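Work through the exercises below with the sequence and the model at hand. Each task is followed by a solution in steps.

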Amino acid sequence: LKRSADLGHYIADAHVPLHTTENYNGLLTNQEGIHAFWESRLPELYSDDFNFFVGKATYISNPQLAAWKAIQTSHLALDSVLSMERELSEKMGERKYSFETKGRQTVKVYSQPYSRAYHILLNGMVERRMRQAIKTTGDFWYTAWVDGGQPDLNELIGYTPTEIELEERRMEL
């Protein structure tokens, strides 16, 4: 379980354009905080409208190639992530930030109008990258399971099948 969680984490990271650059958090382009903005703030505001159903997992014949393809695709989006935010920041100026109360704290955040404008400029990019991360993670897990001999995962967790499940298995045989 730990290895599958680690794998899922790294695959998800490979789908974030800002993870493919030394300018990870915008420090080199005076866009400090853009990483959390893209990866946390936008999903926090808009993920209720995202479609996370991505279909069945499929076997990956070359996992190394698939991993590099995910990184390459993410990196191709990097210029848009940075340039669109830079242009929007110049246009909106002081309206970029606001304050919100979270729990007992009031914190400085990217304002909702600014976030909405950036989300529109990105034209669904965050959702697309999240969907691809989900699909790729499922594909890698499935591939590992197949390559591992397709073990009965229920046995690994000490699962006892219900009478209905046992009957269904008998019918399949």
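**Exercise 1: a helix pair**

Describe how helix 1 (residues 2-14) and helix 5 (residues 125-147) pack, giving the angle and the distance between their axes.

Solution. Step 1: helix 1 and helix 5 pack at an angle of about 145°, and their axes are 9 Å apart. Axes here are lines fitted to C-alpha atoms, for helices over the stretch in contact, and angles run from 0 to 180 degrees between N-to-C directions. Helices (H or I, at least four residues) and strands (E, at least two) are DSSP runs, numbered from the N terminus. The model is predicted: local features need pLDDT of at least 70, side-chain atom pairs count only at pLDDT 80 or more, and totals for chains, interfaces and linings use all residues. Residues are numbered from 1 along each chain as its sequence is written, and side-chain values use heavy atoms, with hydrogens and water left out.

Step 1: the crossing of helix 1 and helix 5 is right-handed. A crossing is left-handed if the near helix is turned anticlockwise from the far one by less than a right angle, and right-handed if clockwise.

Step 2: on the helix 1 side, the residues that meet helix 5 are Ser4, Leu7, Gly8, Ile11, Ala12 and Ala14. Their partners in helix 5 are Arg129, Ala133, Thr136, Thr137, Phe140 and Trp141. Contact means heavy atoms within 4.5 Å.

Step 3: the residues of this contact divide into 7 nonpolar, 4 polar and 1 charged. Ala, Val, Leu, Ile, Met, Phe, Trp, Tyr, Cys and Pro count as nonpolar, Asp, Glu, Lys and Arg as charged, and the others, Gly among them, as polar.

**Exercise 2: the largest pocket**

Solution. On a 1 Å grid over the protein atoms alone, a pocket is an open set of points where a 1.4 Å probe fits, with protein on both sides within 12 Å along at least five of seven lines, and lining residues have an atom within 4 Å of a point.

Step 1: 13 residues line the largest pocket, and the closest to its centre are Ser4, Trp141, Trp145, Leu153 and Leu156.

Step 2: Helix 5 gives the largest share, 4 residues.

Step 3: the lining divides into 10 nonpolar, 2 polar and 1 charged.

**Exercise 3: Leu42 and Ser47**

Is Leu42 buried or exposed, and which residues does Ser47 touch beyond four places in sequence?

Solution. Step 1: Leu42 lies in helix 2. Leu42 is buried because its relative accessible area is 0%, where buried means under 20%, exposed over 50%, and partly exposed in between (1.4 Å probe, protein chains only).

Step 1: beyond its neighbours within four places in sequence, Leu42 is in contact with Phe37, Ser47, Ser115, Tyr118, His119, Leu122 and Val126. Leu42 and Ser115 are 73 residues apart along the chain, yet their C-alpha atoms are separated by 6.6 Å.

Step 2: Ser47 is placed in the loop between helix 2 and helix 3 (63-92). With a relative accessible area of 21%, Ser47 is partly exposed. Not counting residues up to four places away, Ser47 touches Leu42 and Phe52.

**Exercise 4: positive phi**

What is the phi of Asn30, and what is that of Asn123?

Solution. Step 1: Asn30, not a glycine, has a positive phi of about 60°. Asn30 is in the loop between helix 1 and helix 2 and counts as exposed, at 74% relative accessibility.

Step 1: Asn123, also not a glycine, has a positive phi of about 55°. Asn123 lies in the loop between helix 4 (112-122) and helix 5, and at 60% relative accessibility it counts as exposed.
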